[in-house]
Amino acid sequence: MSLVSHIIQRQMKLPEPLTRRVVVERDLRVPMRDGVELLADRWVPKGGPEGLPTALIRCPYGRSGFFGAIMARPLAERGYQVLIQSVRGGFGSGGVMDPMLQEREDGLDTLDWVIEQPWFGDSMVLVGISYLGYVQWAVADSLPPQVKAMIPVVTESALTSEFMRADGRSLELPLEWGALVATQERPFAMFRRNAQTKKTAAALRVLPLQEMDLAATGRRSQYIQDVLAHDADDPHWDGIDHRHRVAGTRVPVSSIGGWYDVFLPGQLRDFAILQDAGKPARLTVGPWTHVDLTIPGAAEAVDFGLAYARGEEPAERAPVRLFVMGDDAWRDFETWPPKGYEPQHLHLQSGGGLSVSTPGDSDPDRYRYDPADPTPAAGGISISSGGRVDNGAVEARSDVLTYTTTLLDEDVEVVGEVSAEIWFRSSLGYADVFVRLCDVDEEGRSHNVCDGLTSLTGADELTCATVRLWPTAYLFKRGHRIRVQVSSGAFPRYARNPGTGEPLATATTLLAADQTVHHDPEHPSALILPVRAVSTT
């Protein structure tokens, strides 16, 4: 976590506990409609009043250890009773885990069971990060009236759809998550974590990819095989997509996300749906990766969720609160995307320039991409090593092009959706276009802001590749420069494009390709930024 993230975590700290004395009632059996029983633990302040608001956490990672100590205990110390349940097929719960596909029915059955318990009061709040937030969306349109609020953190209603885009297949995150779920209950798993991390990292280079789960864990992972075999539009995934439930949510929702989180685009989409439907919702996005959000999530459960659970209103604030990186300051807005930011085209120029001016006549720039030595990911959207990092090493590679403005003579504030239009041709019919936005400081150090990738078919014909970058909020300071990287990969965040058109799961041949990027009046490649003001030449 960056220094800035540490500072913000302290700013969003939890209030002082009401008690440190918490008791845990373990292994409660929660029956599902098909006869399977799921196990849950109930954390309660010792000697506290009866009928406290219930925080429900449904978790695939166990009920003690990290999630007990870091999520359940802090809430039980601050006014909740907490029920943390292991989802189907894990940590003592019955049945077989089929990730994401089982959470609708099991979630509804759990809600029905909770409100019938003698210890239940009259209110409940749904809380959780990542998968623990996704399970909230699975039931969001059918909540009983006892549920008063939802707090989904670094998550979205169609959780793995971003992994499986046909025009940009993720690799690192599905394998890391699949390997975690496959190995987390093995004996001494915690002590084997470092060794397992190394095995998983090595498995990312295995070909064909359908063998990488065996290399990582020694067993087949149906989830990893399904991710490789089915893209996001495949009917196989119909049961995991809960986007259609978002507008039907009837309780206040507070979403918390990170600018370097893999699920941010979907999370912002969900918030926009709520806002367009006139639902009570608010959004907070900070400079966080996927693993930075435990404290802000718990703090929001107390400040926002507990207020609604008690029939009160939380402290008033703007619907949208964004941390503007570069300025390192929180800014309040009424909507997402915020109003007052207009698209500004920065055109790629010959000689590595970047400018608002239309490019003149010029020859295209060229580089050679070899999937056997893939362009590496450097920071950005990654669970294990993401965030904002120095990009000097990757920019020094021969397979990365850079385009940079002159020194900015005034601040340039960028907030909203970022994209690029790159006129591109490959010597092969299949290729990827990766675009990264960077901030170059006074010392010449280049740090990543946001990025994105799209995969092309028919890439051997000159085409305009539209690349959707991650949304952002960033202030490029006067005296800095704006830079764009163009390459053909970010491994292992994205799977290597073998250049052959073979299916992702079974491809074994890797072909190097000669790539060209055009920037002339007929082919004006550009980065498109939502800006308040820009002054570059």
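How far apart are the mean positions of the positive and negative charges of the protein chain? They sit 7 Å apart, counting 52 positive and 71 negative charges. Keep in mind that this is a predicted model. Here's a quick tour of the chain, from its overall build down to a few aromatic rings and one glutamine.

**Overall build**

- The protein chain has twelve helices and 24 strands.
- Its radius of gyration is 24 Å, close to the 24 Å that the globule rule gives for 537 residues, so the chain is as compact as a globular protein of that length.
- Take the contacts between residues at least 6 apart in sequence: 77% of them join residues at least 24 apart.

- Of the 537 residues in the protein chain, 59% are buried.
- The accessible surface of the chain comes to about 21000 Å², and carbon and sulfur atoms account for 50% of that.

**Aromatic pairs**

- Searching the whole structure turns up twelve aromatic pairs.
- One of them joins Tyr131 and Tyr134 edge-to-face, with 6.0 Å centre to centre and 65° between the planes.
- These two tyrosines are three residues apart in helix α4 (residues 131-138), so about one helical turn separates Tyr131 from Tyr134.
- Tyr131 and Tyr134 are both buried.
- Another edge-to-face pair is Phe323 with Trp330, at 5.3 Å centre to centre and 75° between the planes.
- Back at the tyrosines, ring pairs link Tyr131 and Tyr134 with Trp177 and Tyr223 into a cluster.

**A glutamine in helix α4**

- Helix α4, which holds the tyrosine pair, is also where you'll find Gln136.
- Is Gln136 buried or exposed? Gln136 counts as buried because its relative accessibility is 2%, and the cut-off for buried is under 20%.
- Leaving aside residues up to four places away in sequence, Gln136 touches Leu126, Val127 and Gly128, along with Met150, Ile151 and Pro152.

How values were computed: Residues numbered from 1 in each chain as written. Predicted model: local features only at pLDDT ≥ 70, side-chain atom pairs only at ≥ 80, totals over all residues. Heavy atoms only, no water. Helix = DSSP H or I, 4+ residues; strand = E, 2+ residues; numbered from the N terminus. Rg over C-alpha atoms; globule rule 2.2 N^0.38 Å. Buried < 20%, exposed > 50% of the residue type's maximum accessible area, 1.4 Å probe, protein only. Contact = heavy atoms within 4.5 Å. Areas by Shrake-Rupley, 256 points an atom, 1.4 Å probe, with all protein chains shown as cover. Lys, Arg positive; Asp, Glu negative; His and termini not counted. Charge placed at Lys NZ, Arg CZ, Asp CG, Glu CD. Phe/Tyr/Trp six-rings, centres within 6.5 Å; stacked < 30°, edge-to-face > 60°.
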